[in-house]
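Please look through the sequence and the model together before reading on.

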Amino acid sequence: LNSQNVSLQETGRASPAVSSKNEKQFTMAKSKNHTAHNQSRKAHRNGIKKPKKQRYSSRKGMDPKFLRNQKFAMKGVVAKKE
């Protein structure tokens with residue numbers, strides 16, 4: 001008992017100096033789960049660019065009546081140019 005107390009004082013540990021193989025070791029839980037450190041700098045090194053716009057946007061999901069009228073209207077515009 002006395003030798004055990006002396007070894008605790010010398011090492012500064014809360015467990016006895018002799019440990020067995022069946023003993024589980026506990027570690028502290030992580031405190032930091034996420035950080036955005038340096039991400040803004042990395043993004044701005046090459047510049048944050050706007051997405052490139054296509055020449056013609058998709059007509060998927062547009063009103064069919066409007067699209068049909070637009071088709072005939074465009075035919076009239078092309079005919080007038082010639």
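The questions and answers below go through this model.

User: What kind of model is this, and from which number are residues counted?
Analyst: This is a predicted model, where local features need pLDDT of at least 70 and side-chain atom pairs count only at pLDDT 80 or more, while totals for chains, interfaces and linings use all residues. Side-chain values use heavy atoms, with hydrogens and water left out, and residues are numbered along each chain from 1.

User: Which element of the protein chain has the highest mean pLDDT?
Analyst: The protein chain has 3 helices and 0 strands, taken as DSSP runs numbered from the N terminus (helices are H or I, at least four residues; strands are E, at least two). pLDDT is the predictor's confidence in each residue, from 0 to 100. Where pLDDT is low, the predicted coordinates should not be read in detail. The lowest mean, 53, belongs to helix α1 (residues 2-11), and the highest, 95, to helix α2.

User: What is the relative accessible area of N38?
Analyst: N38 lies in the loop between α1 and α2, and its phi is near 75 degrees, a positive value in a residue other than glycine. Buried means under 20% relative accessible area and exposed over 50%, with partly exposed in between (1.4 Å probe, protein chains only). N38 is partly exposed, because its relative accessible area is 37%.

User: What percentage of the 82 residues in the protein chain is buried?
Analyst: The protein chain exposes about 9400 Å², of which carbon and sulfur atoms supply 53%, by the Shrake-Rupley method with a 1.4 Å probe. Of the 82 residues, the buried share is 1%.
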